[in-house]
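I record here what I looked up in this entry, topic by topic. The sequence and the model come first.

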Amino acid sequence: MAVRVTWLGHAAVQIDTSAHSILIDPFLTDNPAAKVSADDVSADFIIISHGHGDHVGDALKIAQRCNATIISNYEIAEWCGKNGAPNVHPQHIGGAFHHPFGTLKLTIAHHGSMLPDGSYGGNPCGVLLSVEGKKIYDACDTGLFYDMKLIGEAGIDLALLPIGDNFTMGPEDALRAVQLVKPRRVVPIHYNTWPLIAQDPHAWAEQVRAQTESEPVVLEPGQSIDV
Ligand code: NI
Ligand code: MN
């Protein structure tokens with residue numbers, strides 16, 4: 001069975017395997033781009049890439065309602081535990097763990113990570129998942145870095161890359177990221193949530209098609225792709 005990846009808007013992504021549902025950065029209720037709210041989704045595991053409000057989002061609320069396990073870096077996992085998360089699993093950059101849904105390794109990301117209440121959120125992370133034989137790389141919030149080439153050596157079936165600019169890679173650097181990661185398919189995220197990160201994903205997809213071997217897939221919030 002395919003692994004289904006659904007873009008919920010901004011950086012919120014749901015991954016459904018045959019047995020588990022995993023949410024990454026579930027910022028939904030206050031997310032102007034999202035078509036669903038925190039009460040509409042369910043998850044067994046919630047991965048938080050870094051401490052910013054547009055990524056921590058509704059994670060605590062969803063975790064409490066679904067008795068889900070929050071996975072994040074050590075600092076954010078501790079913070080979630082202190083703030084009412086029922087179960088947390090701390091990891092950190094470079095470390096992989098075999099969870100019931102598959103293997104998750106946290107990767108480097110060049111960004112910030114302060115939590116919504118000003119607490120220290122450690123270093124921001126990217127997400128490298130190996131689920132049911134498929135490799136998914138979500139760069140999360142980051143600037144371009146050359147080590148993406150190393151991540152790509154794993155053979156990535158699907159990459160999720162920010163293209164919004166201002167806070168993360170913009171379209172040009174995201175195109176270079178595709179050239180480094182060389183994923184089979186790539187989905188742009190973290191754009192058009194607010195005017196500050198307005199982008200034309202179809203123009204970007206044209207460039208990916210013309211200048212790389214990867215297949216770009218532009219999703220609307222709520223749409224899925226089977227990996
Ligand atoms: Ni951020
Ligand atoms: Mn962000």
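Which residue stands opposite Thr103 in E8? I find His98 in that place.

Conventions. I work from a predicted model, in which local features need pLDDT of at least 70 and side-chain atom pairs count only at pLDDT 80 or more, while totals for chains, interfaces and linings use all residues. Residues are numbered from 1 along each chain as its sequence is written, chains are lettered from A and ligands numbered from 1 in the order in which they are written, and side-chain values use heavy atoms, without hydrogens and water.

Strands. Helices (H or I, at least four residues) and strands (E, at least two) are DSSP runs, numbered from the N terminus. I note that E7 (residues 96–99) and E8 (residues 102–108) run antiparallel and are joined by 4 bridges; strands pair if DSSP finds at least two bridges between them. A hairpin of 2 residues connects E7 to E8.

Metal site. I list Asp54 (OD), His55 (NE2), Asp141 (OD) and His190 (NE2) as coordinating the manganese ion (ligand 2), at 2.1 to 2.2 Å. Donors are N, O and S atoms within 2.8 Å of the metal (3.2 Å for Na, K and Ca); water is not among the atoms, so sites may look incomplete. Asp141 also bridges this manganese ion to the nickel ion (ligand 1), the two ions lying 3.2 Å apart. His55 lies in helix H1 (residues 53–56) and His190 in the loop between strand E12 (185–189) and helix H6 (201–211), so the pair ties together parts 135 residues apart in sequence.

Burial. His55 is buried at 0% relative accessibility, and His190 is buried at 1% (buried: under 20% relative accessible area; exposed: over 50%; partly exposed: in between; 1.4 Å probe, protein chains only).
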